Amino acid sequence: MWRRQEAGRDRGPRPSEDTGGLRSVGTALDLLECFATDEELGVSELARRLGIAKSTAHRLLSTLRMHGFIEQDPDSGRYRLGLHLFELGHLAQVRHPLREVARPILLDLGRRTGLTVNLSVGEGADVVFLERLESSESVRGLNESSRRVPAHVSSSGKVIAAWNHELATARIEAGFPVRGRGTVRTQTEWLATLRTVRMRGYALSDDESFDGVSSVAVPIMEAPGQVTAALSFLGRRHDVESRLPVLVQVLQRSARRIAHEMLRRQGSVPSLVDRAAR
């Protein structure tokens with residue numbers, strides 16, 4: 001997979017390792033996760049959600065606040081995510097090698113089509129958008145929405161899951177919450193959708209994440225049959241469906257360019273991918 005090589009090797013836990021300290025770290029991370037769905041939370045509510053004492057929650061919040069991961073509203077006393085998390089999140093985004101390679105191509109696609117362009121990867125049962133470039137002519141305000149969505153409600157999630165058994169299975173285990181009128185709702189429908197995607201070579205989404213919005217996605221192949229990322233267009237339904245064949249061709253060419261460049265940087269360009277990218 002296209003991931004950074006680790007500087008060191010995980011040697012496993014040491015006999016003298018402070019397991020209590022590790023539990024505290026885990027609880028602190030769980031605390032931060034609580035803010036994924038709520039903008040502000042009080043100490044009592046956090047303690048109740050985590051099943052810990054209020055005093056423990058307060059100590060964790062104080063430590064996180066000291067390091068800039070949490071902020072406290074001086075008037076209400078409630079807590080919210082701190083700017084240091086934004087800084088680290090931005091660094092994680094801009095330093096991701098796939099995004100670095102793909103961004104110039106995404107900019108070109110947005111200028112040529114007037115549609116929003118997305119670059120996404122699978123994680124767990126969801127897809128995470130590494131980059132989303134909105135067009136002034138397309139649907140606006142998406143950058144304010146979540147960068148992580150369930151795989152079954154997006155064309156990107158479907159196209160990755162069609163060739164990625166782990167993502168497909170994780171979504172089945174997590175279920176299929178309804179988000180739009182066209183959302184996949186059952187395992188049977190999900191598996192049928194993935195078969196159709198593999199047959200076509202691309203995925204569609206209509207009224208599944210946002211009503212009145214369509215998207216089309218193609219896989220970015222690391223190797224034949226090996227997919228962890230997707231490239232997609234998103235826009236008003238008519239803007240996507242009226243140009244669907246052309247958009248699919250443009251996406252597929254661009255996906256091959258991205259795959260070729262990623263493999264070239266790793267010094268492992270297979271001849272098949274090399275030929276397809278030219």
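This is a predicted model: local features need pLDDT of at least 70, side-chain atom pairs count only at pLDDT 80 or more; totals for chains, interfaces and linings use all residues.
The protein contains 11 helices and 8 strands. Of its 278 residues, 43% are buried. Among contacts with a separation of 6 or more, 56% join residues 24 or more positions apart.

Two packed helices are described by the angle between their axes and the distance between the axes. Helix α5, which covers residues 97–113, packs against helix α10, residues 244–265, at an angle of about 155° and with the axes 10 Å apart. Because an angle over 145 degrees counts as roughly antiparallel, α5 is roughly antiparallel to α10. The crossing of the two helices is right-handed. On the α5 side, the contact is made by P97, L98, E100, V101, A102, I105, L106, L109, R112 and T113. The α10 side contributes L247, V250, R253, S254, R257, I258, E261, M262 and R265. Sorted by class, the contact of α5 with α10 has 11 nonpolar, 6 charged and 2 polar residues.

Strand β4 spans residues 126–133 and includes E131. The relative accessibility of E131 is 5%, so this residue counts as buried, the cut-off being under 20%. The side chain of E131 takes part in polar contacts with two arginine side chains, those of R99 and R103. The contact with R99 is 2.8 Å, and the contact with R103 is 2.7 Å.

V227 lies in strand β8, which runs over residues 226–236. When neighbours within four places in sequence are left aside, V227 is in contact with V159, I160, W163, N164, P219, I220 and M221. For V227 and A162, the C-alpha to C-alpha distance is 8.7 Å, while the two residues are 65 residues apart in sequence.

In summary, the α5 and α10 helices pack with their axes 10 Å apart and cross in a right-handed sense.

Terms used: Residues are numbered from 1 along each chain as its sequence is written. Side-chain values use heavy atoms; hydrogens and water are left out. Helices (H or I, at least four residues) and strands (E, at least two) are DSSP runs, numbered from the N terminus. Buried means under 20% relative accessible area, exposed over 50%, partly exposed in between (1.4 Å probe, protein chains only). A polar contact is a pair of N or O atoms within 3.5 Å; within protein, one must be able to donate a hydrogen and the other to accept it, and residues adjacent in sequence count only if both atoms are side-chain atoms. Contact means heavy atoms within 4.5 Å. Axes are lines fitted to C-alpha atoms, for helices over the stretch in contact, and angles run from 0 to 180 degrees between N-to-C directions. Angles under 35 degrees count as roughly parallel, over 145 as roughly antiparallel, 65 to 115 as roughly perpendicular and the rest as oblique. A crossing is left-handed if the near helix is turned anticlockwise from the far one by less than a right angle, and right-handed if clockwise. Ala, Val, Leu, Ile, Met, Phe, Trp, Tyr, Cys and Pro count as nonpolar, Asp, Glu, Lys and Arg as charged, and the others, Gly among them, as polar.
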